[in-house]
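Welcome to this short briefing on a protein chain. Take a moment to turn the structure around on your screen, then read on with it beside you.

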Amino acid sequence: MGQTLGCVMVTQSTVAIRESFGKFDGVLDPGCHLMPWCIGKSIAGYLTLRLQQLDVRCETKTKDNVFVTVVASIQYRALAEKASDAFYKLTNTKQQIQSYVFDVIRASIPKLLLDDAFEQKNEIAKAVEEELEKAMSMYGYEIVQTLIVDIEPDAHVKRAMNEINAAARQRLAANEKAEADKIIQIKRAEGDAESKYLAGLGIARQRQAIVDGLRDSVLAFSEGVPGTSARDVMDMVLVTQYFDTMKEIGAQSKSSSVFIPHGPGAVKDVAAQIRDGLLQAQHGGASSTAPSLL
């Protein structure tokens, strides 16, 4: 309707291509413009100046013969000062960009191993952007940004990579667990050694205290009872210790009966046997225990 009345309106971020009798006649900026159709003026079409995005999926092979699908995202826009080139020189802009992307990716990825391809995504994107910028500038387009958004290996390869990663982590976990068990065993052994050492010190101090107590008892008894010798007092102490031991054995043993010698001379015999057993042990006798009293 507007063109019928000789007036056209161009929206924001858009330019119109004007022709005169089929020949390019100029670019109309956003706004309202007179279009006298009666003298051959007409609008050939409109060209958007907005930023556009094209996602390209390209399948290729890496240097280690792994097929991958590379997803590239191209952000581009037409230049207002080159609107005529962008409108007339290309029939299908997206297909043209896609062809250049395929060419660069299929020339770059086969030179890289799979792991290197993941690490060098930025370098691949930069190579694609440089090639596109050089090629598309002559057609009136600007390449704003090129991104390699994804590299997808084959499903079987991806599963194998995950299994390799899981196995490596399990091996690391096993090594850490073994190291922890080793530390626990070492600490337990150190604690056991320290415990035995302290127990040995306690036993040594206990025996020293017993010896000191017996010595003091012998000396005190010898001084308190005139006419007694140290040997007599020692015999009495040994007998007392012997019967105390027998009492503990009777209290702790599972058997209900313990036989001991009985008679008028039993005490003397017990003292003599204990003394003889101690003398034999001191002089390297065959046995360090007292002979049987039964």
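## A buried leucine and its surroundings

Apart from neighbours within four places in sequence, Leu114 is in contact (heavy atoms within 4.5 Å) with Thr62, Asp64, Val66, Val68, Pro153, Val157 and Met161. This is a predicted model, in which local features need pLDDT of at least 70 and side-chain atom pairs count only at pLDDT 80 or more, while totals for chains, interfaces and linings use all residues. Residues are numbered from 1 along each chain as its sequence is written, and side-chain values use heavy atoms, with hydrogens and water left out.

**More on Leu114**

- Leu114 belongs to helix H3 (residues 114–119); helices (H or I, at least four residues) and strands (E, at least two) are DSSP runs, numbered from the N terminus.
- Leu114 is buried, because its relative accessible area is 4%; buried means under 20%, exposed over 50% and partly exposed in between, using a 1.4 Å probe and protein chains only.
- Asn65 lies 49 residues away from Leu114 along the chain, and their C-alpha atoms are separated by 8.6 Å.

**The whole chain**

- The protein chain has 7 helices and 8 strands.
- Of its 294 residues, 26% count as buried.
- Among contacts in the chain with a separation of 6 or more, 62% are between residues 24 or more positions apart.
- The accessible surface is about 19900 Å², and 55% of that belongs to carbon and sulfur atoms; such areas come from the Shrake-Rupley method with a 1.4 Å probe, and for residues only the protein chains shown count as cover.

**The sheet E3-E2-E5**

- Three strands in the order E3-E2-E5 form an open sheet with antiparallel pairing; two strands pair if DSSP finds at least two bridges between them.
- Strand E3 (23–28) and strand E5 (41–48) are at the edges with a single partner strand each, so one side of each has no neighbour in the sheet.
- Neighbouring strands here are turned by 30° against each other on average, direction ignored; axes are lines fitted to C-alpha atoms, for helices over the stretch in contact, and angles run from 0 to 180 degrees between N-to-C directions.
- Strand E2 (residues 14–20) runs antiparallel to E5, joined by 7 bridges, and Ala16 stands opposite Tyr46 in E5.
- E2 and E3 are also antiparallel, with 5 bridges, and Arg18 stands opposite Gly26 in E3.
- The hairpin of E2 and E3 has 2 residues between the strands, and there Phe21 takes a positive phi near 55°.
- Thr14 sits in strand E2 and is buried, with a relative accessible area of 9%.
- Leaving out neighbours within four places in sequence, Thr14 is in contact with Leu28, Asp29, Pro30, Tyr46, Leu47 and Thr48.

- Strand E7 (residues 67–78) pairs with E8 in the antiparallel sense over 11 bridges, with Ser73 having Leu147 in E8 as its bridge partner.

**Salt bridges**

- How many salt bridges does the structure hold? There are 9, a salt bridge being a side-chain nitrogen of Lys or Arg within 4 Å of a carboxyl oxygen of Asp or Glu.
- Arg18, Asp25 and Lys41 are linked in a network of salt bridges.
- Arg18 is partly exposed at 23% relative accessible area, and Asp25 is partly exposed at 29%.
- Asp181 forms a salt bridge with Lys177, with the closest N and O atoms 3.4 Å apart.
- Both Asp181 and Lys177 lie in helix H5 (residues 155–224), 4 residues apart, about one turn of the helix.
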